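Here is a note for a colleague who is meeting this structure for the first time. Please read the points below with the sequence and the model side by side.

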Amino acid sequence: MNSKSPGADRRCTAFPPPDPSCVELGMPDVAVLRKLADALRGKEEEIAAHWERRYRLAFREAGYHSPEDFRAEARRELAAILDHLRRGDCRGLGAWFSAHGRELFERGVPYSEVCRSLRLFQEGVVEFLRAEGEAAEDLLDLSFALDRLSHERLILIAEAYHQTCQRRWERRTRALLTEVARREHRPGGRDRLGGLVGKSPVMQEIYELLILASRNRETVLLVGETGTGKDLAARAIHALAGDPPERFIGVNCAALSHDLIESELFGHRRGAFSGAQADHPGLFRAAQGGTIYLDEFTELPPPAQAKLLRVLQERAIRPVGGLREVAVSTRVVASTNRDLDLVLRDGGLRRDLYYRLRQLVIRFPPLRDRREDIPLLVDRFAERAASEGLCTGAPRFTEEALARLAAHPWPGNVRELESVVRLACRTARGGAEDVADLRLDGPGAGEPGPGPGEGERAP
């Protein structure tokens, strides 16, 4: 290699580990990649040994597999990468990365270890080139090429890893649903779970997914329009798991101050910033052994998304101003009413965070897609209104009234339906509600739903 120039170390240290939030997919120039392959030709064993030494330090507390296994894996991966680079086969290299991601999941390698290994890939090669004395100008070009290659590798492996994980969840879910369908003692299924009400087929599937989610502490992603019951679902998971009620912490991510998000979620030490007069545990530690519900998590700014990703990967938090990480055993349930494809396309959501959260995705249908559940919901809301003294006795809605309710589009979903029913109960003149008492096109339809938490509280 060329002799080392005085500026080599200074210029090389300007290249931090890749940040997936600013990835631009697409391999760099093939000629530069071939030059990188030539620079590493014949050095595979030495680089693998270099990675193994870094592995021993980075994984000294992990018992996933031995350093020898890691070294063999590093040799195999490096040989495959260099072979594709020498041939200029970027498409084949991308396919190999994807296959490698699927293999890592099937072998049971934890995602936190995958991410550490991804970081070692870039850091180890750059440090090795620097130690070999590559000229500053050459090292600059090679570092740019390696940086983009590392980005591509990170995205492809992570995506394949989590797609494989999702397929396994789907297989387990289908098996569970099949088992439940065969149970003779529940031929009609349940008509409610926790605060959720409905006996439609789609709600039966949601109930079983919630039961499945309650059996472990893996992350859960709830997707659906506003007012479809995502908050109730998060509470149902927590209750089904048998966790202490006070260990359920709901967080409205859109309402968090951007300046204090890290402190609110992960806590801070006394004196960490102006106004920090005492230690604050943070919401994650407040939910220790329970569930933290991140409502509208896509509203979190990119820096907070990056820190949330690390918490999900490491299962540990570091308070602001703290020197040590604190292990947390908190189930994370996140929700959004936005189209995730559009959010990803617009850059409002980190792809790696999305892949980490989508291990189990539960999609909630709008009310217009499960109209057969409206009579059950109406009865429940009427009973609640009567118990709160809004009317004398639970009003009975006529068939004509129910038909009119079933025909309404319900843009506000279940929360809007509850608002209409409660208004009808307040204006009830007798034991039955008439169609005239349903203000679907007037103030009742446009009237705001109940206060925070009231529209989706448990019956």
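1. Counted along the strand, 5 of the 5 residues of S3 are buried. Please keep in mind throughout that this is a predicted model.

2. On one side S3 is joined to S8 by 4 bridges, the two strands running parallel, and within this pairing Leu222 stands opposite Ser335 of S8. S3 also pairs with S9, again in the parallel sense and over 4 bridges, and here the bridge partner of Leu222 is Ile362 in S9. Strands of a sheet pair through backbone hydrogen bonds, in either a parallel or an antiparallel manner.

3. Where does S3 sit in the order of the sheet? The open sheet is formed by 5 strands in the order S4-S5-S8-S3-S9, with parallel pairing, so that S3 lies between S8 and S9. The edge strands are S4, covering residues 248-252, and S9, covering residues 361-364, each of which pairs on one side only. From one strand to the next, the twist averages 20 degrees.

4. Turning to cysteines, the structure holds 0 disulfides. Cys165 has a relative accessibility of 6% and therefore counts as buried, the cut-off for this being under 20%. Cys253 likewise counts as buried, because its relative accessibility is 2%.

5. For the chain as a whole, 18 helices and 11 strands are found, and 50% of the 459 residues count as buried. Among contacts between residues at least 6 apart in sequence, 78% join residues that are at least 24 apart. The protein chain exposes about 21,400 Å², and carbon and sulfur atoms supply 49% of that area.

How values were computed: Residues are numbered from 1 along each chain as its sequence is written. This is a predicted model: local features need pLDDT of at least 70, side-chain atom pairs count only at pLDDT 80 or more; totals for chains, interfaces and linings use all residues. Side-chain values use heavy atoms; hydrogens and water are left out. Buried means under 20% relative accessible area, exposed over 50%, partly exposed in between (1.4 Å probe, protein chains only). Contact means heavy atoms within 4.5 Å. Accessible areas come from the Shrake-Rupley method with a 1.4 Å probe; for residues, only the protein chains shown count as cover. Axes are lines fitted to C-alpha atoms, for helices over the stretch in contact, and angles run from 0 to 180 degrees between N-to-C directions. A disulfide is a pair of cysteine sulfur atoms within 2.5 Å.
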